[in-house]
Amino acid sequence: MAMLAVVQSLLVAVLSAIAFGFMFLQLRRLARLIKSGTPGDEVLTDTPGERASKLVSFSLGHRKVKEDRSAGILHAIFLYGFFVLGIGHLEVLLEGMTSFLVAFGGRPFTYERLFPAGLAAAYHASQDGFAAAVLVAATIALGRRFAGRPARLLPRSADGERILWFLLALYVTFFLLAGPSLLLRQRAAGAATFSLAQPVSSLVAAAFTGFASPAVGAMRALGFWAHALVFLGFAAYLPTTKHMHLVFAWPNLYFFRRERYGLPPRIDFEKTEKFGVDRVEELPWKSLLDSFACTECGRCNTVCPAHATGKPLQPMKVLRDVKLNLKDHKAPLVSGAEIDRSRPGMVRADGGYARVEGQVHLDELWACTTCAACVQACPVLIDSVPGTLVGLRQNLVMMDGRFPQEATNAFKGLETKGNPWGLGPDRRMEWAEGLEVPLMSELGGREVEYLLWVGCAGATDPRARKTNQALVRILKAAGVDFATLGSEERCNGDPARRLGNEYVFAQLASENVATLTPYRFRKILVTCPHCLNSLGKEYREHGGSYTVVHHSQLLAELLAAGRIPLELAKTSDELVTFHDPCYLARYNDGAEPPRDVLDRIGVKSVEMAQSRKNGFCCGAGGGRIFLEERIGKRVNVERTEQALATGAKTVAVGCPFCMTMMTDGTKAKGVDESVKVKDLAELVAERLRTQA
Amino acid sequence: MALILTFAEARDGRLRRASLEVVSEARRLAAALGASVETVLIGPGGEALAGELIAQGADRVRLFDDPALAAYATESYARALAQAIADTKPSVVLVPFTAMGKDVAPRVAARVGAGLASDCVALEVKDGRLQARRPMYAGKAYATVEWTGEPQMATLRPNVFPLGARDAARPVELVRASVDASARARVTATTATAQGRLPLSEAQIIVSGGRGLKGPENFHLVESLAEALGAAVGASRAVVDAGWVDHQLQVGQTGRTVSPSLYVACGISGAIQHLAGMSTARCIVAINKDPDAPIFKVADYGVLGDLFEILPRLTEAAKAHRSARG
């Protein structure tokens, strides 16, 4: 008997060493893989307080996970169960390793001997309760996967199911250990079998009451071994799976990106000869860390407009591709394999491509609108997917000249005319004919409050011109001091940058910064969220630091201050729904001013199911407005249907690209006669008091 | 005697019209320069085409008719033209500004050390030397360029230089030449995408249809007018997206960029995406019932009205005009 105890100790010690040693080696390998990435170009260690509080609120606080309520509850049980039950697992291992003390007349380690009676009872109660809760949660989670599987859990993941089976085994064996333990303890104390602190263990114990204590002891020993082996197996299995989420989610939350999410690292064209990302290790380490923090919950897939409309892109798969590619390091990260979508078996049920694993396919990376819905949806702040895809585009565009053929026109126009439609600078003031819009170059050095950045669409797209014309009428009515650059303005470069043509972006950015430098203005006013984002956030790296205001914000301020003379009689009963531009609501936190504007001009508005930061892209972002959409349903049609579902007769927009896409959407649905798409500025201008 | 060497492009056993235009222009210049005209023709079966080049003004055709040169390859074709230049020492080399010419000419110019004026729209002889006019800034300005050395090499924009009178009685003189036909890159297959229609990018006249046609069943109205005018058919993105016609016909930012002499836009409102592809057309005619349609802003002639009424009448008128002309 004593001999057996010594052998048991040795066995537990050796198996623990093997399991945890394996875990350690795996973790070290993964950490090295993550560190093999490039340094990146952003500070991810500033404001430790903010980072720590984000870490706590997103992890322990479940800030994002709980948005899906039932899944959130399950996750909370697993996470807190992991902590609480971890204490018990430690006890089991320590007990196993110290069982040799029996040979010397001692007793193996248990917390009971350390804790006062009350604490011991609380400890037992916590283990009993959490183990039962995890069992129930794992059963529900498995059940969900077999019956009525949510779409976001497709395709079936062996990893995802196996771990749930593991959890079931772990806590079934836990009770096979806890039941006999309790029975023996109660017998020794001369108490009743049922313990209020351990109701579930008591039920198991009740099954063994017919046996004599030595038999119960043997069953306990069996339970112990089963539990210990499952646990050690679990520890060894975990690091090879997506469940390293458990480890890497924490640093990932802490090192969240504040500034440059959705962007690949900067390129120094003077020093580098290779542009963009081709091999996985050319991604920044944070993007690699992202791939290990992902536990494949699929929330990003659910909100991805490309995925929702039948394109093969799935943000979650991109992360998995990065991870698989990093682990096996054989192929470039991009696959240009010919995919015949009409051949059976090539396109899986979830829309992905059957034979592309560990690589991102061209169809996937060109489908991204960089709308950042996936970033917004991620419970562990994974923010690298759009940036990774743009990095891949950079390599294809700048190194290989491989891009959708129709992008040529946009690139050429941007490069030669500073306008994606190829219209020359001489045409940039046509929109303002008869409006007497002052030019910066004619102010003689006077400081102006707002430099009105017209934008390429605003200057040359006949439809978007109307938005700027409306805005100018409002600015004049409100007595706002403004002037524009006229023919000196060039595209801000966003379409080039998002399409991977960083060189053209850099060219345009430097040119615009040089144009702006001699002028004196307080703020830049834009009607295009892409201009807003570039000028406000992305020009800093090219030496331009500006306060940029989207017109919705200025309109809201002017209305609040009563500076816009409105004629309320003009207020109609038309029902309006506002479609959030991604680069306004998500990228620049600008969801509220547009709604404020609508409220203040007295229109009745209604929200679409996906709105504000959770808005659904119009399909134009990421330079996609300049590309054809060949696969699946058109994103703008999908979004238009969502808008029409509200019953609104006017779709309000705050972006010239959204304007194009939503207008095309109403045409495609054949409702362009009855449903109008209007910019916020037009809705305000319609209600301007006519001058006497 | 001075020599003008021209490059003729033949595809599928047919001479491109641009090749004949170049020969005609060479003939005209030859008179002023007191030069003779020789044309380089590459590919087997060129003998059958030489007569046409001679009739159009060439004095001699230099044939590279090695079967290995059947398919176009930048490397071997450039080698052939460079060799012809080295052998004949011309003072002027003219190449059509077609896809093939754009590909070959710069390479050859570099190889023989010639100055190259590309995309020329007019050539003049002044004091025994050539002067070329070429558009800059997308046609907003013209530059007149001269060469400092020889040969004076130029690519000529298609559809600009007129064809001179044919003279089928001119004697055919052939020179056979051969060259190393190997190429590190070769064409293994070509896939045709045309659907038996006039290709958009080469058409002088284009008739395009948009959503104003209301349905695919009405697209024939556009096709009939195009046929009557000898025009190519185009379409707006909305119509292509709706699946009425193939993407091949799409004119605009993400489709074809065209600049025909005449563009007739039928029921096309003129969204920026469409304007970006056709606003450089020489003459734009817009037919639309919406007076506020932006297409009228770029149109030279606007017809405000119902295209279901206008198109058939226009088609009839075009047919009548055609038959009247014989």
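Visitor: Is His62(A) buried, partly exposed or exposed?
Guide: This is a predicted model, in which local features need pLDDT of at least 70, side-chain atom pairs count only at pLDDT 80 or more, and totals for chains, interfaces and linings use all residues. Residues are numbered from 1 along each chain as its sequence is written, while chains are lettered from A and ligands numbered from 1 in the order in which they are written. A residue is buried if 20 or more other C-beta atoms, placed from the backbone, lie within 10 Å of its own, exposed if 12 or fewer, and partly exposed in between. His62(A) has 17 other C-beta atoms within 10 Å, so it is partly exposed.

Visitor: And what is phi of His62(A) near?
Guide: His62(A) sits in the loop between helix 2 (48–58) and helix 3 of chain A, where helices (H or I, at least four residues) and strands (E, at least two) are DSSP runs numbered from the N terminus. Its phi is positive although the residue is not a glycine, with a value near 55°.

Visitor: Thr370(A) has a positive phi too, near 50°. Is Thr370(A) buried or exposed?
Guide: Thr370(A) belongs to the loop between helix 13 (362–365) and helix 14 (373–377) of chain A. With 27 other C-beta atoms within 10 Å, Thr370(A) is buried.

Visitor: Which peptide bond is cis over in chain B?
Guide: Look in the loop between strand 10 (141–146) and strand 11 (152–156) of chain B, where you'll find Pro151(B). Omega is about -5° for the bond that joins Glu150(B) and Pro151(B).

Visitor: Back to chain A: how many residues of helix 21 are buried?
Guide: Helix 21 runs over residues 529–538 and is largely enclosed by the rest of the structure. Its cover includes strand 3 (448–453), helix 19 (494–498), strand 5 (521–526), strand 6 (548–550) and helix 23 (582–585) of chain A. Among its buried residues are His530(A), Cys531(A), Leu532(A) and Glu538(A).

Visitor: How far apart in space are Pro529(A) and Cys655(A)?
Guide: Pro529(A) lies in helix 21 of chain A and is buried, with 30 other C-beta atoms within 10 Å. Leaving aside neighbours within four places in sequence, its contacts (C-beta atoms, placed from the backbone, within 7 Å) include His550(A), Tyr583(A), Gly654(A) and Cys655(A). Pro529(A) and Cys655(A) are 126 residues apart in sequence, yet their C-alpha to C-alpha separation is 6.0 Å.

Visitor: How are helix 1 and helix 3 of chain A set relative to each other: parallel or oblique?
Guide: Axes are lines fitted to C-alpha atoms, for helices over the stretch in contact, and angles run from 0 to 180 degrees between N-to-C directions. Helix 1 (residues 2–35) and helix 3 (residues 69–97) of chain A pack at about 135°, with axes 7 Å apart. Under 35 degrees counts as roughly parallel, over 145 as roughly antiparallel, 65 to 115 as roughly perpendicular and the rest as oblique. Helix 1 and helix 3 of chain A are therefore oblique.

Visitor: Which residues of helix 3 of chain A make that contact with helix 1?
Guide: Helix 1 of chain A brings Gln8(A), Ser9(A), Val12(A), Ala13(A) and Ser16(A). On the helix 3 side of chain A the residues are Leu93(A), Gly96(A) and Met97(A).

Visitor: At roughly what angle do helix 18 and helix 26 of chain A cross?
Guide: Here the contact is made by Arg463(A), Ala464(A) and Thr467(A) of helix 18 and Pro656(A), Met659(A), Thr660(A) and Thr663(A) of helix 26 of chain A. The axes of helix 18 and helix 26 of chain A come within 10 Å and cross at roughly 130°.

Visitor: Which helix of chain A gives the most to the side that touches chain B?
Guide: The contact between the chains takes 18 residues from chain A and 14 residues from chain B. Helix 16 (407–417), helix 18 (462–477) and helix 26 (656–668) of chain A are the elements giving two or more residues to that side. With four residues, the top contributor is helix 26 of chain A.

Terms used: Two residues are in contact if their C-beta atoms, placed from the backbone, lie within 7 Å.
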